[in-house]
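Hi,

Here's the structure I promised to pass on.

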Amino acid sequence: PLASLGRSNDTRLFVAMPIVQNERLAGTVLLSRSPRNILKGLYDNRHSVFLAGGIILGIVIMLALLTSYAISRPIHALIEQTRRVARGEKKIQSIKEPVTQELALLSQNISTMAHTIAERSDYIRNFAMHVSHEFKTPLTAIQGAIELIEEHGNAMPPEQQRKFLGNIGKDTARLTQLVSR
């Protein structure tokens, strides 16, 4: 189809130029020509065409590498950020030079998430330590009272046994209250 645009077809190009003398139209020159074959024209200018193609290809490759670097570097930094969160690190900073606002926002959100997780983890740890301490005291008292009744129950007066059993009941009620809270 491209070769059909050559001299062998019926397409003609006309250009008319006026001839003016003493501000009067003396005549007109009419030029007529069929266009040159486009493939032959490209072949005749092949060095320029290849040079232009090489320059364009080089620019495309440079843009692809630059874009790849500009996108992959911050994404690798985000991946490292998430790994640090998974390891349990508490101080996670946002990445430097994130290139786009979206990557900056994602990095900031990961940093905020790590801080929130660290706060919640500390809260749960402190809560567990507090609950553990609150449970140890009545459990130790119950265990001590049971041991005393088992070892000295026969020699112990009934009032003292009732006192120890009352203490066991109070500590059991305290544990029940702790669990309910």
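Start with helix α3: in this predicted model it runs over residues 101-152, which makes 52 residues. From first C-alpha to last, α3 reaches 75 Å, close to the 76 Å you'd expect at 1.5 Å a residue.

Several α3 residues are buried. Leu-103, Ser-107, Ile-110, Ser-111, Ala-114 and Ala-118 are among them, and the list also includes Glu-134, Pro-138, Ile-142 and Ala-145. So what sits over them? The cover for the buried α3 residues includes α2 (46-86) and α4 (158-180).

Side chains of opposite charge can pair when their charged atoms come close. In this model the count comes to six salt bridges. Which residues are linked in a network? Glu-80, Arg-84, Arg-87 and Glu-89 are joined that way. Within that group, Glu-89 meets the side chain of Arg-84 at 2.8 Å, N to O, and also forms a salt bridge with Arg-87, where the closest N and O atoms are 3.0 Å apart. As for accessibility, Arg-84 is partly exposed at 23% and Glu-89 is partly exposed at 30%. Arg-87, at 52%, counts as exposed because the cut-off for that class is over 50%.

Last item, the strands. There's a nonpolar surface patch of about 520 Å², made by Leu-13, Val-15, Met-17, Ile-19, Val-29 and Leu-31. Where does it come from? β1 (13-21) and β2 (24-33) each supply at least two of its residues, and β1 gives the largest share, with four. Take Val-15 as an example: this residue is found in strand β1 and is partly exposed, at 38% relative accessibility. Patch residues need over 30% relative accessible area, so Val-15 clears that cut-off.

If you're opening it in a viewer, I'd go through it in the order above.

Cheers

Notes: Residues are numbered from 1 along each chain as its sequence is written. This is a predicted model: local features need pLDDT of at least 70, side-chain atom pairs count only at pLDDT 80 or more; totals for chains, interfaces and linings use all residues. Side-chain values use heavy atoms; hydrogens and water are left out. The expected span of a helix is 1.5 Å times one less than its number of residues. Buried means under 20% relative accessible area, exposed over 50%, partly exposed in between (1.4 Å probe, protein chains only). Contact means heavy atoms within 4.5 Å. Patches are made of residues with over 30% relative accessible area and no salt bridge: like charges are joined within 9 Å, nonpolar side chains (Val, Leu, Ile, Met, Phe, Trp, Tyr) within 5 Å. Accessible areas come from the Shrake-Rupley method with a 1.4 Å probe; for residues, only the protein chains shown count as cover. A salt bridge is a side-chain nitrogen of Lys or Arg within 4 Å of a carboxyl oxygen of Asp or Glu.
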